[in-house]
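Here is a friendly walk through one structure, in questions and answers. Have the viewer open and follow along.

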Amino acid sequence: MNNDDLASLLFPHVHLTLEELEEKYPPRDLPEGAKATRFPPSPTGFMHLGNLFTAFVDILAARSSGGLCFLRIEDTDKKREVEDGVSAIINGFAAFGLSFQEGVTGFGTEKGLYAPYTQSERAEVYQAMAKRLVQNGQAYPCFCSEEELSAMRDEQERAGAQVKGYFGPWAKCRELTYEEIEQKVNAGQSWVLRLRSGGDENKRIVLDDLIKGKIEMPENTMDVVLLKADGIPTYHFAHACDDHFMRVTTVIRGDEWLASVSVHIALFKACGFKLPKYAHVAPVMKEDAGGKRKLSKRKDPEAAVSYFAKEGYPAESVLDYLMTLINSNFEDWRRANPRADRFEFPFSFKKMSQSGALFDLVKLCDVSKNVISLMTADEVYSGASEWAREYDPELYNILTADPGFAKAVFSIERGGDKPRKDIAKWSEVRDYAAYLYDALYTPNIALPENINPDGAAAILKAYLDAYDASDDKDTWFQKIKDLCGPLGYTPNVKEYKQSPEKFKGHIGDVSSVIRIAATSRRNTPDLHAIMALLGKDRVRERINAALSCLTANN
RNA sequence: GGCCCGUUGGUCAAGUGGCCUAAGACUCCGGCCUCUCACGCCGGCAACACGAGUUCGAAUCUCGUACGGGUCACCA
């Protein structure tokens with residue numbers, strides 16, 4: 001058979017050549033060792049945490065090597081496509097402050113020299129390569145229907161074949177003559193284009209994966225589909241064409257692709273492309289009934305990236321947490337460089353886990369508390385109010401009604417050597433600040449077990465007499481100490497511990513009563529600062545209210 | 001089932017034949033810190049899946065077993 005004739009029959013209108021493509025998309029001019037990576041999502045309208053994770057590795061690998069990362073849209077499966085899919089992806093990344101140097105930048109917009117970056121717009125590239133493969137005798141049309149293929153699979157099943165699929169003797173259309181093909185094509189029969197595999201199952205190929213190390217497997221023998229009946233390429237073929245002509249040096253993707261590597265190696269070879277480096281990333285897992293499984297879109301709310309925005313985790317927190325999963329020594333680095341840009345971290349593929357890590361919300365909270373504890377009061381204010389604007393309008397109104405006051409609230413014990421770490425996400429701010437706002441405050445005078453209402457009332461009365469809103473912190477504290485003795489408490493906690501029988505309690509009990517009266521909380525940050533924010537009228541008001549509550553109960 | 005990958009405390013993990021009586025972090029539990037909480041500090045619980053082999057010596061190398069995961073589409 002004359003392959004040129006076949007190519008012309010199959011692709012009569014394709015004139016672009018491999019050589020022209022090579023010229024149009026020349027190798028990148030990158031510094032030594034710099035990596036060109038890409039993140040290629042399908043526009044399904046859902047951004048999975050795993051997408052963020054892999055994309056983050058892509059960006060990290062690019063930036064840490066002085067290279068670049070671009071965004072390519074893989075919309076070859078029209079069934080899964082969603083209208084606003086592309087915007088959802090771009091917005092999703094923007095929410096995390098992540099962007100790409102090249103590729104799709106919005107719906108219908110893109111930048112970069114290797115355009116187009118949307119697969120549905122790259123038909124001529126795939127067609128040209130497909131034609132070339134036919135010319136070289138490395139691809140052929142297959143007219144088998146879905147019914148025929150499933151019948152074939154059934155037969156293989158029955159025969160107990162170890163290897164199933166369209167290959168070797170099972171590949172019926174492989175041996176079609178030109179005349180047979182011509183007749184079917186002219187009759188309008190639909191066809192797919194298949195690779196004419198030259199692989200030998202007894203030969204083995206070796207892949208040196210950047211993460212998984214050396215992997216050996218049998219050569220591919222399958223005549224895999226390159227172009228579907230509608231002329232759209234399969235993932236495998238698009239991967240070869242795009243990652244070659246977009247001059248990707250390092251392919252980073254989920255490890256579910258590992259099993260397809262033999263196909264990809266065969267394809268790159270057939271096309272005459274240089275094989276890129278591969279890094280197969282293990283998925284983020286979730287604990288389930290004692291075992292592990294992939295984070296599931298349906299079962300796990302935290303699988304959606306939007307979950308974190310809704311809960312009010314700062315993007316920085318999520319990113320830092322992801323960093324610890326990517327390279328666990330990031331934590332040490334972060335401790336040494338608390339405020340450094342995380343892209344300065346010396347990322348390494350070698351330090352990535354070979355198996356999937358369990359997603360740990362508790363750990364995320366810890367990381368997030370650290371992140372928030374390092375923020376300024378202004379940053380906390382804007383983070384919290386931006387979150388509240390969307391998810392808690394009442395809180396938003398309260399916070400923004402008096403930004404100065406809100407910032408003062410967030411300033412309590414912030415900025416020192418030992419910053420408080422009690423906020424992990426913005427949704428906790430409402431509860432954190434509730435007692436500082438009348439609109440959120442619910443009086444609830446619940447005394448500790450060792451204090452009776454009379455004792456508490458005595459403390460409050462005495463305190464009201466001593467209270468002066470203009471006292472500085474030391475004076476304020478000294479006054480509480482001075483209260484202790486006459487009421488039968490000791491200002492010295494150690495003394496109390498040595499002989500508890502001598503006292504009603506210690507200074508902790510006295511200040512607890514005052515704290516409860518002023519805030520209805522047993523635990524708060526620095527009470528002096530809180531009372532200063534509350535103001536003398538409100539403090540007196542609340543203590544008086546507590547007093548009457550205690551006496552009424554008697 | 002075939003092929004491939006993996007398995008160190010509850011979790012993330014260091015570890016590349018002797019420095020391992022197995023690091024660090026999170027969680028949990030004690031204790032300390034001139035108010036509570038938080039922070040910080042000190043301490044504690046807790047692991048090399050199993051079995052053979054190689055070796056003077058194995059968490060580390062080899063083989064087998066078990067368990068877990070992935071993949072076998074005109075989906076990506």
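## Loops, sheet, helices and RNA

Ser 520 is partly exposed, with 18 other C-beta atoms within 10 Å. Keep in mind that this is a predicted model.

Q: Where is Ser 520 found, and what is its phi?
A: Ser 520 lies in the loop that joins helix 21 (507-519) to helix 22 (527-534). Ser 520 is not a glycine, yet its phi is positive, at about 65°.

Q: What is the omega of the peptide bond from Ala 115 to Pro 116?
A: Look in the loop between strand 4 (109-111) and helix 5 (123-135), where Pro 116 is found. The bond from Ala 115 to Pro 116 is cis, and its omega is near -5°.

Q: In which order do the strands of the open three-stranded sheet stand?
A: Strand 5 (139-142) and strand 9 (225-227) are at the edges with a single partner strand each, so one side of each has no neighbour in the sheet. On average, neighbouring strands here are turned by 45° against each other, direction ignored. The pairing is antiparallel, and the order is 5-6-9.

Q: Over how many bridges do strand 5 and strand 6 pair?
A: Strands of a sheet pair through backbone hydrogen bonds, parallel or antiparallel. Between these two strands, Cys 142 stands opposite Val 192 in strand 6. Strand 5 and strand 6 pair in the antiparallel sense, and the number of bridges is four.

Q: Which residue of strand 9 is the bridge partner of Arg 194?
A: Strand 6 (residues 192-195) and strand 9 are antiparallel and pair over two bridges. In strand 9, the partner of Arg 194 is Val 225.

Q: Which residues of strand 6 point the other way from Val 192 and Arg 194?
A: Val 192 and Arg 194 point one way from strand 6, and they are buried. The residues pointing the other way are buried as well, and they are Leu 193 and Leu 195.

Q: Which residues is Leu 358 in contact with, leaving aside its neighbours within four places in sequence?
A: Leu 358 belongs to the loop between helix 12 (330-336) and helix 13, and it counts as partly exposed because it has 14 C-beta neighbours inside 10 Å. Its C-alpha is 9.0 Å from that of Leu 325, 33 residues apart along the chain. With neighbours within four places left aside, the contacts of Leu 358 are Met 285, Lys 286, Glu 287 and Lys 292.

Q: Which helices do the buried residues of helix 14 pack against?
A: Helix 14 (residues 377-391) has 15 residues and reaches 21 Å from its first C-alpha to its last, close to the 21 Å expected. Its buried residues include Val 380, Tyr 381 and Trp 387. They pack against helix 13 (361-373), helix 15 (393-401), helix 16 (403-411) and helix 17 (429-433).

Q: Which helices do the buried residues of helix 18 pack against?
A: Helix 18 (residues 453-466) has 14 residues, and its reach of 20 Å is close to the 20 Å expected. Among its buried residues are Ile 459, Leu 460 and Tyr 463. Their packing partners are helix 19 (473-487), helix 21 and helix 23 (536-552).

Q: Which element gives the most to the surface near RNA strand B?
A: Of the 62 residues around RNA strand B, Ser 353, Ser 355, Lys 418, Gly 508 and Asn 523 come nearest. The elements giving two or more residues include helix 6 (146-158), helix 13 and helix 22. By class, this surface has 19 nonpolar, 20 polar and 23 charged residues. The element that gives the most, with five residues, is strand 8.

Note on methods
Residues numbered from 1 in each chain as written. Chains lettered and ligands numbered in written order. Predicted model: local features only at pLDDT ≥ 70, side-chain atom pairs only at ≥ 80, totals over all residues. Expected span 1.5 Å × (residues − 1). Buried ≥ 20, exposed ≤ 12 C-beta atoms within 10 Å, placed from the backbone. Contact = placed C-beta atoms within 7 Å. Pairing = 2+ DSSP bridges. Axes fitted to C-alpha atoms, helices over the stretch in contact; angles between N-to-C directions. Near = placed C-beta within 6 Å. Nonpolar A, V, L, I, M, F, W, Y, C, P; charged D, E, K, R; others polar.
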